Amino acid sequence: MPIAPCCVLLALCFLDYLIKLPSSQIASKALKESHLLCLTNRISWLSDLDYALQIVSNCTLSLPPLSQLNSDKICMLSASLTNYVWTSLELKIHQNRCLYLFHHCLEPFANGSFFHIHSMLCHYLIQVTVPAHCKSLTNLLFGESIFYTISHYGVSDDGRQCRMCHMHVESPEHAILQCASNL
Ligand SMILES: [Zn+2]
């Protein structure tokens with residue numbers, strides 16, 4: 001099962017909590033025992049966390065020895081992991097032709113400015129009240145519209161003039177949302 005980056009981030013938060021505990025606390029003692037197991041190349045919670053961190057960051061990040069860990073370093077690790085995940089996600093989106101609606105997509109702010117976001121586009125679904133329309137919109141955004149396979153298969157933009165209005169390229173988003181002749 002793939003390791004979710006959010007689980008590693010949560011474990012890093014827990015590690016930050018653990019290193020701040022007084023040494024008399026059982027959890028703090030357990031952390032030190034886990035560190036000792038690490039030093040003797042045995043499987044432990046810390047070695048598992050290090051392994052998970054390396055897997056989700058494609059070996060760009062690893063856990064320093066316990067003696068070198070502090071809140072600032074854990075915070076930096078979390079930030080680096082988050083940045084790596086967003087960068088990887090962005091790359092995958094740009095490499096996927098079906099997700100072209102997300103390429104360089106800018107979302108409007110309330111003040112009229114625009115910004116780029118990587119995820120959490122659920123606000124589209126909140127604004128749509130009909131469940132079937134939510135499904136259609138999700139299919140459209142993720143390139144799973146039936147119009148996508150029809151209109152994009154081996155046909156250039158010039159050869160895909162809208163059959164309804166004859167004015168625009170017949171893209172899935174045009175057919176479903178924009179074409180004035182298809183109302
Ligand atoms: Zn049209």
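Visitor: Let's start with Asp 48. Is Asp 48 buried, exposed or partly exposed?
Guide: Asp 48 is partly exposed, because 14 other C-beta atoms lie within 10 Å. Keep in mind that this is a predicted model.

Visitor: Where is Asp 48 found?
Guide: Asp 48 is in helix α3.

Visitor: And how far is Asp 48 from Cys 38?
Guide: Their C-alpha atoms are separated by 9.4 Å. Along the chain, the two residues are 10 apart.

Visitor: Let me zoom out. How many helices and strands does the chain have?
Guide: The chain has 8 helices and 2 strands. From the N terminus, the order is α-α-α-α-β-β-α-α-α-α.

Visitor: What percentage of the residues count as buried?
Guide: The figure is 10% of the 183 residues.

Visitor: Which residues make up the largest nonpolar core?
Guide: There are 8: Val 8, Cys 38, Leu 46, Leu 53, Val 56, Leu 63, Leu 77 and Leu 81.

Visitor: Which elements give two or more residues to this core?
Guide: Those are α3, residues 45–56, and α4, residues 71–95. The largest share comes from α3, with 3 residues.

Visitor: Why would such residues gather?
Guide: In soluble globular proteins, nonpolar side chains tend to be buried together.

Visitor: Pick out Val 8. Which residues is Val 8 in contact with, leaving aside neighbours within four places in sequence?
Guide: Val 8 is in contact with Ile 3, Ala 52, Leu 53, Val 56 and Leu 81.

Visitor: On to helix packing. At what angle do α1 and α4 cross?
Guide: Helix α1 covers residues 5–19, and its axis crosses that of α4 at roughly 175°. The axes come within 10 Å. The two helices are therefore roughly antiparallel to each other.

Visitor: Which residues make the contact?
Guide: From α1 come Pro 5, Val 8, Leu 9, Leu 12, Leu 15 and Asp 16. From α4 come Ser 71, Ile 74, Leu 77, Ser 78, Leu 81 and Val 85.

Visitor: How many of them are nonpolar, polar or charged?
Guide: The contact of α1 with α4 has 9 nonpolar, 2 polar and 1 charged residues.

Visitor: And α2 with α3, at what angle do they pack?
Guide: Helix α2, residues 26–39, packs with α3 at about 70°. Their axes are 7 Å apart. That angle makes α2 roughly perpendicular to α3.

Visitor: Which residues meet there?
Guide: Ser 34, His 35 and Cys 38 of α2 meet Trp 45, Leu 46 and Ser 47 of α3. By class, the contact of α2 with α3 has 3 nonpolar, 3 polar and no charged residues.

Visitor: How many residues does α2 have, and how far does it reach?
Guide: Helix α2 has 14 residues and reaches 20 Å from its first C-alpha to its last. That is close to the 20 Å expected at 1.5 Å a residue.

Visitor: What comes just after α2?
Guide: Asn 41 takes a positive phi of about 60° there. Asn 41 is in the loop between α2 and α3.

Visitor: Buried or exposed, this Asn 41?
Guide: Asn 41 counts as exposed, because it has 8 C-beta neighbours inside 10 Å.

Visitor: One last residue. Where does His 104 lie?
Guide: His 104 lies in the loop between α4 and β1, residues 107–108. His 104 has a positive phi of about 55°, although it is not a glycine. With 7 C-beta neighbours inside 10 Å, His 104 counts as exposed.

Conventions:
Residues numbered from 1 in each chain as written. Predicted model: local features only at pLDDT ≥ 70, side-chain atom pairs only at ≥ 80, totals over all residues. Core = buried A, V, L, I, M, F, W, Y, C linked by C-beta atoms within 7 Å. Buried ≥ 20, exposed ≤ 12 C-beta atoms within 10 Å, placed from the backbone. Helix = DSSP H or I, 4+ residues; strand = E, 2+ residues; numbered from the N terminus. Contact = placed C-beta atoms within 7 Å. Axes fitted to C-alpha atoms, helices over the stretch in contact; angles between N-to-C directions. Parallel < 35°, antiparallel > 145°, perpendicular 65-115°, else oblique. Nonpolar A, V, L, I, M, F, W, Y, C, P; charged D, E, K, R; others polar. Expected span 1.5 Å × (residues − 1).
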